[in-house]
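This report describes how the secondary structure of one protein chain is arranged. It goes from the whole fold to particular elements and then to a single residue.

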Amino acid sequence: MSLFNSIVTSALPILPKWFAKPFARPYVAGQTEDDAVTHIRTLNEKGFSATVDILGEHVLTKEKARDITAQYCHLYDRILNESLDCNISMKPTHVGLNISLAEAMSNITTILKKAQEHNNFLRIDMENSPFTDQTIEIYHHCKTIYNNVGMVIQSYLHRSIDDILLLADDQFNSRICKGIYKESEYIAYQDREEIQGNFLKLAKNMVTRNAYSAFATHDQELIDRLLDWIITDKVPKDLFEFQVLYGVPMNGRLEALLGAGYKVRVYVPYGPDWFDYSVRRLKENPKIISYVLKNFFRKR
Ligand SMILES: Cc1cc2nc3c(=O)[nH]c(=O)nc-3n(C[C@H](O)[C@H](O)[C@H](O)COP(=O)(O)OP(=O)(O)OC[C@H]3O[C@@H](n4cnc5c(N)ncnc54)[C@H](O)[C@@H]3O)c2cc1C
């Protein structure tokens, strides 16, 4: 990382929000539900499916958790009324897991019942390791209510292969991603090659068990390795999809995947809490700072 990018990334949290906005814009589909719907419609018109997320996490009051729950329910109505090809992804701590397991269970049950009413799908995102067991418990509870619910397995965690061996069958639906949080070397692989290798191992185990996978990665080398295996082993196309985050540059790869007949879903985050999310994105890829600045000055 260049010194300049490193300084800007460290300083962003203490700089005024107007300064951070140009850096955040590529990754966030706006602040309102209307903004998100506009972006989702455009993605659908290009052939992409979507999953929408209201930005935020670690809510500390029941009032806020229930307000977010109501917003998610409203989103399902909107998706139905506007005939969007879109489901919902949601973080348990955004709807109360930091307050109590009971609060999160109750709110997620409300959201799930709305998904069921509209025959839609709910993806429960996976947060950092203190929440993994509780998130799996929530997932099990959800499954007793409605089948169209999925979770996430992170390939950097040592435990993930055991989770798949325990959970995966033809009714199991999981996103597989590397994992975005800082985790200790005692529970998580730190080496890029090991995380990539485990991703493939998890993917293969999912398919062996007829479980549905969403391969969520921007890593072009990993996508190549997945495709090699998919083509060689003739993995049925209805057993998986590819997923990416909104705004991450993919250099035509997504269109190529669509062209080859694969399903591609874009994760579309929106909401007034865009700031923390964007700082996290920038820390992950500080090169974006130089790209945004170059574009900024080119326009002038
Ligand atoms: C649809 C989706 C849902 C996710 N859900 C979860 C979840 O529930 N829990 C969880 O822990 N993690 C989640 N993640 C994040 C994931 O775990 C990784 O941290 C993230 O995707 C980066 O890993 P990578 O596989 O893209 O590979 P990397 O090797 O990290 O990235 C490959 C290349 O893509 C570029 N890149 C990657 N990410 C970004 C970015 N955000 N902005 C700009 N450029 C980028 C980088 O330039 C890099 O060179 C999700 C990711 C996706 C795509």
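## Basis and overall composition

The model is predicted, so local features are reported only where pLDDT is at least 70 and side-chain atom pairs only at pLDDT 80 or more, while totals for chains, interfaces and linings use all residues. Residues are numbered from 1 along each chain as its sequence is written.

The protein contains 12 helices and 8 strands, where helices (H or I, at least four residues) and strands (E, at least two) are DSSP runs numbered from the N terminus. Of its 300 residues, 37% count as buried; a residue is buried if 20 or more other C-beta atoms, placed from the backbone, lie within 10 Å of its own, exposed if 12 or fewer, and partly exposed in between. Among contacts with a separation of 6 or more, 74% are between residues 24 or more positions apart, a contact being a pair whose C-beta atoms, placed from the backbone, lie within 7 Å.

## The barrel

The 8 strands form a closed barrel in the order β1-β2-β3-β4-β5-β6-β7-β8, with parallel pairing, and the twist from one strand to the next averages 30°. Pairing here requires that DSSP find at least two bridges between two strands. Strand β3 (residues 122-124) runs parallel to β4 and is joined to it by 2 bridges, with Arg123 having Gly150 as its bridge partner in β4. Strands β7 (residues 240-245) and β8 (residues 264-270) pair in the parallel sense over 4 bridges, and Phe242 stands opposite Val264 in β8.

In a regular strand, side chains alternate between the two faces of the sheet. In β4 (residues 149-154), 6 of the 6 residues are buried: Val149, Met151 and Ile153 point one way, and Gly150, Val152 and Gln154 point the other way.

## Two helix pairs

Helix α4 (residues 62-81) and helix α5 (residues 101-117) have axes that come within 9 Å and cross at roughly 10°, axes being lines fitted to C-alpha atoms over the stretch in contact, with angles from 0 to 180 degrees between N-to-C directions. That makes α4 roughly parallel to α5, a class for angles under 35 degrees, whereas over 145 is roughly antiparallel, 65 to 115 roughly perpendicular and the rest oblique. The contact involves Lys62, Ala65, Arg66, Thr69, Tyr72, Cys73 and Tyr76 of α4 with Glu103, Asn107, Thr110, Ile111, Lys114 and Ala115 of α5. By class, these comprise 6 nonpolar, 3 polar and 4 charged residues, with Ala, Val, Leu, Ile, Met, Phe, Trp, Tyr, Cys and Pro counted as nonpolar, Asp, Glu, Lys and Arg as charged, and the others, Gly among them, as polar.

Helix α8 (residues 192-208) and helix α9 (residues 220-232) pack at an angle of about 30°, with their axes 11 Å apart, and are therefore roughly parallel to each other. Here Gln196, Phe199, Leu200, Ala203 and Lys204 of α8 meet Leu222, Arg225, Leu226 and Trp229 of α9, a contact that divides into 6 nonpolar, 1 polar and 2 charged residues.

Ser155 lies in the loop between β4 and α7 (160-167), and Ser155 is buried because 24 other C-beta atoms lie within 10 Å. Leaving out residues up to four places away in sequence, Ser155 touches Ser160, Ile176, Lys178, Gly179, Ile195, Asn198, Phe199 and Leu202. The C-alpha atoms of Ser155 and Glu194 are separated by 8.9 Å, although the two residues are 39 residues apart along the chain.

How values were computed:
Contact = placed C-beta atoms within 7 Å.
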